[in-house]
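Colleague: I would like a close look at one part of this model, and then at what surrounds that part. Please keep the account plain.

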Amino acid sequence: MKRLFALLLILCCLAPSALAEDSYNWYEVFVYSYQDSNGDGIGDLKGLQSRLDYISDMGYTGLWLMPIMPSPSYHKYDVLDYMDVDPQYGTLEDMRDLVAACHEKGIRIIIDLPVNHTALRHPWFLAAAESLQKRQEDSPYIDYYCFSKEAGSKSVQLSGTKWYYEEQFSGGGMPDLNLDSPAVQEEIRAIVNFWLTDVGVDGFRLDAVTSFYAQDVARNVDFLNKLKAMCEAAKPGSYLVGEAWVGLTALADYAKSDVDSFFLFPASQAEGFIVKSMLGRSPNAKTYVSNLESVLEAMPDTVLAPFLCNHDTGRSIGLLQARQLPERAKFAQGALNMLPGNVFTYYGDEIGMVGAGDDPNKRLAMYWNDGDMTQQPPGVTKIEYAYPGVDDQLADPASLLNYCKAVNHARLRSPLIARGKNTVVYHDTSVVLMKREKDGASCYIAMNFSPKAEQKADVPQGLSIVSDIEVAQGAAALNGTELTLPPYAIVILE
Ligand SMILES: [Ca+2]
Ligand SMILES: [Ca+2]
């Protein structure tokens, strides 16, 4: 009996982390624009923590925070100190509280890790620059960066010297780190250790991995493997997702690394296959299916990380030309979420926020109805909210928000959507029937890409509908093996 109790205790202790290790509905948050807690108008960690109920109720089980470390910029991709929290966002204690609160709710939390470059005023760079400017050239920090006496296409002259430093993001004031330096590698090891074990985050979003070694995929992959090994040693099972903003062929090379996931850029934005399958005169379910199959063939051993938009791209509503077409906006979120892997939703996309052009326009204040919005990020040139705010949408069963919530919960109800091996059972120009299977269990996903016409699909015998996700009034019907799909319907059968 005692032994049984001990076993149960062990199982209970294991359960939450086992659950949290398999989060597949991720939510990207720009802390600055999400929720302010202290009245200065700038979003912060405490504010974000106060919205965890909302995030959890929506069915998001993973959080990716854009950079939270001290930085001179509002976006914070140029880091001044890799082991602290920017005072605008709060303190390390606030971050520890947020991590604990997330874990209590079964939410995994990862943070952005920009290690390709630092801020120009990072103490490492200041020390290196000072040494070179004094012509002593003896600082150990010189080797932290890519200094050379020869100018390259991506180099900047260090004032008062004949030295140049590499800066892949030209004009950003973000000098590239020398990732070959053993000292830099040890710094990075200490940084990932700190966040994973001391603060307790569950992994990282790796910024700008194609710029680690520009135009050198093999060396980038090699460094990614080093990073993964460091994280695995610090916290086994931690999750890494890399930003390689490239097409499928190049992405497939990155996917051969040990990093868990890479953002699926070929699915994203206006030219991505989700939007392409929906725009145009007639629906083209074939575009969706054939691209998914190409992706799975090219990247067989990786957890896909599909998304429609992020902080660097125009938002979904604009990509979809869906300001006046809520059904299209909904179905796009549905089509995104029927892809296997870990789906990433950019904050505000669930309520149809808009934004394009200048970067700050893509990072507007989260539209809460309760009057509790942050100020807009500096440099915003256009502020527009095309769809109602969160409270209004929560109260409207037909809202985009409630559609996204239904989609997220369908994924939680049927984990094989995210984790099963995909087979396309049937498709024509409007209808897609996919099977996802794993360990002898399976589920079927039926989708109608037609915005206006009802469609029929022939499904295997003995299935029943477990989720019926509709963009408008109406419901799917299953008669034996004949499934009737209303326009833009998505149905999960098991
Ligand atoms: Ca604040
Ligand atoms: Ca670099």
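How many residues does helix α6 have, and how far does α6 reach from its first C-alpha to its last?

Modeller: This is a predicted model. Helix α6 covers residues 182-199, which is 18 residues. From the first C-alpha to the last, α6 reaches 25 Å, close to the 26 Å expected at 1.5 Å a residue. After α6 comes Gly200, with a positive phi near 95°.

Four residues of α6 can be named as buried: Ile188, Val192, Trp195 and Leu196. The cover over the buried residues of α6 includes a strand, β3 (108-113), and a helix, α7 (217-234).

The strand β3 leads on to the sheet. This open sheet is formed by 7 strands, with parallel pairing, in the order β9-β8-β7-β3-β2-β1-β10. Its edge strands, β9 (261-262) and β10 (343-346), each pair on one side only. In the order given, β3 stands between β7 and β2. With β2 (residues 62-65), β3 pairs in the parallel sense over 4 bridges. Arg108 of β3 is the bridge partner of Gly62.

Next, the domains. The domain assignment places residues 182-416 in domain 1 together with 21-115, while domain 2 is 123-166 and domain 3 is 420-493. The C-alpha centres of domain 1 and domain 3 are 28 Å apart. Their contact takes 27 residues from domain 1 and 28 residues from domain 3. On the side of domain 1 that touches domain 3, the elements giving two or more residues are α10 (285-298), α12 (326-337) and α14 (400-413). Of these, α10 gives the most, with 7 residues. By class, that side of domain 1 has 16 nonpolar, 5 polar and 6 charged residues.

Last, the core. The largest nonpolar core has 152 residues, and the members that touch the most others are Val29, Val31, Ala332 and Ala446. Helix α14 supplies the largest share of this core, 7 residues.

To return to the part you asked about, α6 has buried residues, including Trp195 and Leu196, and part of what covers the buried residues of α6 is β3, a strand of the open sheet.

Definitions and conventions
Residues are numbered from 1 along each chain as its sequence is written. Chains are lettered from A and ligands numbered from 1 in the order in which they are written. This is a predicted model: local features need pLDDT of at least 70, side-chain atom pairs count only at pLDDT 80 or more; totals for chains, interfaces and linings use all residues. The expected span of a helix is 1.5 Å times one less than its number of residues. A residue is buried if 20 or more other C-beta atoms lie within 10 Å of its own, exposed if 12 or fewer, and partly exposed in between; C-beta atoms are placed from the backbone. Two residues are in contact if their C-beta atoms, placed from the backbone, lie within 7 Å. Two strands pair if DSSP finds at least two bridges between them. Domain bounds come from an automatic or database domain assignment. Ala, Val, Leu, Ile, Met, Phe, Trp, Tyr, Cys and Pro count as nonpolar, Asp, Glu, Lys and Arg as charged, and the others, Gly among them, as polar. A nonpolar core is a set of buried Ala, Val, Leu, Ile, Met, Phe, Trp, Tyr and Cys residues joined through C-beta atoms within 7 Å.
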